[in-house]
Amino acid sequence: MMNDLFAGPTEPLGDGALLLRGFADAPAADLFAAVERIAAAAPFRHLVTPGGFRMSVAMTNCGAYGWVSDRKGYRYDPLDPESGRPWPDMPPLFAGLAARAAERAGYGNFASDVCLVNCYTPGTRLTLHQDRDEGDFAQPIVSISLGLPATFLWGGLQRSDRARRLPLFHGDVVVWGGPSRLRFHGIAPLKEGSHPLTGERRLNLTFRRAR
Ligand code: MD3
Ligand code: FE
């Protein structure tokens, strides 16, 4: 398995969270090409929060469900509300890579049914939040970073807990589970720059088990 050839550095981030630096370097170009196909079928869009704010991050999804937000709330929806059609299929490359990363962190049989794709341009940020719309918090979330670097904000279990700053680079994969699963987290405003693969963008893929 490809996983067995990966000998890159791993950094434990705290209870249940593991950073795999460069775990997605080799498949990065294929991942990016798949994101472009997904975005051709389900374009990136700026969702509105229940409070009425337009998110600065542009999002799309693939898999059996997609994460969506509107004035009615946050939810996982089997249909893309923009088109009324199912989300694009999860490419086998995606699900396989996420499962191998989860395995490496000690979470066997991670079968994600959603990949939420976030697109950041310079100035885009994601304010501190928890991911709690999924059905089973015993399932981890796996994130893959592509393109421009970002500063990840890693808080605690209370919104008011001081957040640690952690740089995330192209190819980095993080597995968030166990006691870290419900920690507040976010992304600081993206800095200007250009990346050979993605241009003036950062893409983040998060793999989730919605139901
Ligand atoms: C820690 N995305 O989509 S990925 C998100 O880079 C999200 O786009 C960020 O937060 C991004 O919800 C951060 C890292 C991440 C994702 C989910 C987590 C960290 C997490 C869930 C629980 C704890
Ligand atoms: Fe999140």
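**Note on the predicted model**

1. Asn-109 is exposed, at 76% relative accessible area. Exposed means over 50%, buried under 20% and partly exposed in between, with a 1.4 Å probe and protein chains only. Asn-109 sits in the loop between α3 and β6. Its phi is positive, about 55 degrees, although Asn-109 is not a glycine. Helices (H or I, at least four residues) and strands (E, at least two) are DSSP runs numbered from the N terminus.

2. A word on the basis. This is a predicted model, where local features need pLDDT of at least 70 and side-chain atom pairs count only at pLDDT 80 or more, while totals for chains, interfaces and linings use all residues. Residues are numbered from 1 along each chain as its sequence is written, chains are lettered from A and ligands numbered from 1 in the order in which they are written, and side-chain values use heavy atoms, with hydrogens and water left out.

3. The largest nonpolar core has 32 residues. Such a core is a set of buried Ala, Val, Leu, Ile, Met, Phe, Trp, Tyr and Cys residues joined through side-chain atoms within 4.5 Å. Phe-94, Val-142, Ile-144, Leu-205 and Phe-207 have the most contacts inside it. Elements that each supply at least two residues include β2 (17-20), β3 (58-63), β8 (141-147) and β13 (202-208). The most comes from α2, with six residues.

4. Phe-207 deserves a look. Beyond its neighbours within four places in sequence, Phe-207 contacts residues including Met-90, Phe-94, Phe-110, Cys-115, Pro-140 and Ile-144. Contact means heavy atoms within 4.5 Å.

5. Now the helix pair. The axes of α2 and α3 come within 10 Å and cross at roughly 130 degrees. That makes α2 oblique to α3. Axes are lines fitted to C-alpha atoms, for helices over the stretch in contact, with angles from 0 to 180 degrees between N-to-C directions. Angles under 35 degrees count as roughly parallel, over 145 as roughly antiparallel, 65 to 115 as roughly perpendicular and the rest as oblique.

6. Which residues of α2 and α3 meet? Asp-30, Leu-31, Ala-34, Val-35 and Ile-38 in α2 meet Leu-93, Phe-94 and Leu-97 in α3.

7. Thr-124 is buried, with a relative accessible area of 4%. Its place is the loop between β6 and β7 (126-129). Not counting residues up to four places away in sequence, Thr-124 touches Ser-56, Val-57, Cys-119, Ala-188, Pro-189 and Leu-190.
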